[in-house]
Amino acid sequence: MVLITENYFRRTNMGNIYRDMTLENLDESYIGKELKVAGWVENIRDHGGVSFIDLRDMYGVLQVVIRDTELLKGIKKEESISVEGLMEQRDEETYNPKIKSGTIELEAHKITTLGQVYTQLPFEIQTSKEVREDVRLKYRYLDLRNEKVKDNILFRSKVIAYLRQKMTEMGFVEIQTPILCASSPEGARDYIVPSRRYKGKFYALPQAPQQYKQLLMVSGIDKYFQIAPCFRDEDARADRSPGEFYQLDFEMSFATQEDVFKIGEEVLTSTFEKFAPEGYEVTKAPYPIISYKQAMLEFGSDKPDLRNPLRIIDVTDFFQKCTFKPFIGKTVRAIKVHANMSKGFHEKLLKFATGIGMGGLGYLEVLEDGSYKGPIDKFIPDELKEEFKTIAGLSTGDTIFFMADKEERAAFFAGQIRTELGTKLDLIEKNAYRFCYVNDFPMFEKDPETKKIGFTHNPFSMPQGGLEALNTKDPLDILAYQYDIVCNGVELSSGAVRNHDMQIMVKAFEIAGYDEEVLKAKFGALYNAFQFGAPPHAGMAPGVDRMIMLLRNEENIREVIAFPMSGTAQDLMCGAPNEVTEQQLREVHIKVRD
């Protein structure tokens, strides 16, 4: 039995002392009612004898009319205030269709200042996105008052809530994995945390929940997910926030690559269709599947932007039969374009090519009579010109550009020229999110400096061909069951069918230079767990920050993070990284060297 006291009744039935309601629901039905509202002073306007305040809270804006000028005394922009007054109809000629409350206003009878502004604002809130980023980040709590900045963060909240709902509906169980974990010798640089209790030993912040989610599969959890925080000591890029990021991490037992593809398609298509700007098209399942080898050939990148219709072709073999010395012995890639291009366009494209490190940019134009025009024409024997037209699929009005170098650099240059042509010629599909999978990544690669074999992508991936491939094939010829999801040229997710066999794991790490003792020391949990009936399992982890950046059409990922670090990996608002006391260092057995 609950005893209902007089104080309880009074407390639950009295209004909030600052406001009766928030601003989003105010409409003409409140005309003639006494109301109390609260928010920030967005703007003050003096119209000679009568003044106006635009009052803003998280949900909306309301015009407050002040006929008693004494009430306005001392009030400054961006102070938080509470206003009591009578709701009125605005004069029709003063309606503001841009806001929901644009036909009403509150006549102020009492204004109470709740939070004063004591110093000059560092920038105007309504134009904060035009301010230098370092200033915005130093005063991020003010920047977040800007409607567009705030809306990005509220939008992020809605997307994450939907992702959770969607994954739960598909039978996945949300489980949080540890933030303090063991450092591992692969991947990006760890953030390390010294141990107070264990002198000379360190924790690491997780680069991803990789080992833990695999151990969950061994433990019998069938389908796991979490909105996982990940920490990597990497430099910033437009699509990568330094320090930390979030991903929709999921893993499935008794699953194949195709099973993961279906889940990825279901959750991403559904999310993008729900939250994409009006009029945008989203790739339907099944997504195109492009091998890594094909991607590097046709797109010059393992992050292909399928909105660009241009494709790269390989003409290496053909040009070994020609007399153009700069192409002989090199990988030669070409891009065909059907467009009118002026001399000035060619000059700008050449300047771009030399700017990315190319020695030049050869090209041919196909004239009306079928002949070629361009600096390379004279190096193609007459008897081979028809063959080249067939190989390249050329027709009248086409222009074909050439990139030649070592294979890796030729692919890079071709990818850059493809993107530049697509952008400058306005060929990129508008208002679309184009997804694809890239798979069949090489399992191993050779370090160009040390010449040692190492993992290319993810050391916990299953090699195609299993133990037999590891024992019999050249490591550089072994492919892995690894895959990425790419959207509009942005890598959204990486994933893999995991290596769940201890013998295969030992051999794969041996090839990469880690003996079994290192494997036991650094990945002991997986090494031991795989001896107790580990199921086959697979998963992936789409990046939440990047998804939201794409959905909001933002160029910089920091625009969709509430409190991001700067591009130099600093928290300019709170002052991190900062110095700590000698006592703090002593407690964790650390001495800073000069």
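**Starting point: H589**

Is H589 buried, partly exposed or exposed? H589 counts as partly exposed, because its relative accessibility is 36%. Here buried means under 20% relative accessible area, exposed means over 50%, and partly exposed lies in between (1.4 Å probe, protein chains only). H589 sits in the segment after α17. Its phi is near 60°, a positive value in a residue other than glycine.

This is a predicted model; local features need pLDDT of at least 70, side-chain atom pairs count only at pLDDT 80 or more, and totals for chains, interfaces and linings use all residues. Residues are numbered from 1 along each chain as its sequence is written, and side-chain values use heavy atoms, with hydrogens and water left out.

**Overall build**

The protein chain has 17 helices and 24 strands. Both are DSSP runs numbered from the N terminus: helices are H or I with at least four residues, strands are E with at least two. The C-alpha trace spans about 90 × 70 × 55 Å along its principal axes. Of the 594 residues, 46% count as buried. The accessible surface comes to about 31300 Å², and carbon and sulfur atoms hold 50% of it. Accessible areas come from the Shrake-Rupley method with a 1.4 Å probe; for residues, only the protein chains shown count as cover.

The domain assignment gives domain 1 (23-115), domain 2 (124-288 + 535-593) and domain 3 (308-428). Such bounds come from an automatic or database assignment. The centres of domain 1 and domain 3, taken over C-alpha atoms, are 64 Å apart. Among contacts with a separation of 6 or more, 66% join residues 24 or more positions apart. A contact means heavy atoms within 4.5 Å.

**Nonpolar cores and a surface patch**

The largest nonpolar core has 65 residues. A core is a set of buried Ala, Val, Leu, Ile, Met, Phe, Trp, Tyr and Cys residues joined through side-chain atoms within 4.5 Å. F250, F272, Y433, F435 and F444 touch the most other members. Helix α6 (residues 257-275) gives the largest share, seven residues. Apart from this core lies another, of 21 residues, among them L23, L35, L71 and I81. Not counting residues up to four places away in sequence, F444 touches residues including I453, F455, L470, L476 and I511.

On the surface, I17, Y18 and L114 form a nonpolar patch with about 300 Å² of accessible area together. Patches are made of residues with over 30% relative accessible area and no salt bridge; like charges are joined within 9 Å, and nonpolar side chains (Val, Leu, Ile, Met, Phe, Trp, Tyr) within 5 Å. Y18 lies in the loop between α1 (6-13) and β1 (34-46). Y18 is partly exposed, at 42% relative accessible area.

**Helix α5**

Helix α5 (residues 210-218) has buried residues Q210, Q211, K213, Q214, L216 and M217. Their cover includes β9 (223-232), β10 (243-253), α14 (516-522), α15 (524-529) and β24 (537-540). Just after α5, G220 takes a positive phi of about 105°.

**Salt bridges**

The structure holds 41 salt bridges. Each is a side-chain nitrogen of Lys or Arg within 4 Å of a carboxyl oxygen of Asp or Glu. R136 pairs with E559, the closest N and O atoms being 2.7 Å apart. R136 lies in helix α2 (residues 133-138) and E559 in the loop between α16 (544-551) and α17 (582-587), so the pair ties together parts 423 residues apart in sequence. R136 is buried at 4% relative accessibility, and E559 is buried at 11%. K129, R136, R140, D143, E554 and E559 are linked in a network of salt bridges.

R498 and E251 also meet in a salt bridge (2.8 Å, N to O). R498 lies in the loop between β23 (490-497) and α13 (502-511) and E251 in strand β10, so this pair ties together parts 247 residues apart in sequence. R498 is buried at 2% relative accessible area, and E251 is buried at 0%.

**Backbone exceptions**

Most residues other than glycine have a negative phi, and most peptide bonds are trans. K451, not a glycine, has a positive phi of about 65°. K451 lies in the loop between β20 (444-446) and β21 (453-455), and is exposed at 55% relative accessible area.

The peptide bond from A285 to P286 is cis, with omega near 0°. P286 is in the loop between β11 (281-282) and β12 (289-291). A cis bond also joins A576 and P577, with omega about 0°. P577 is in the loop between α16 and α17.
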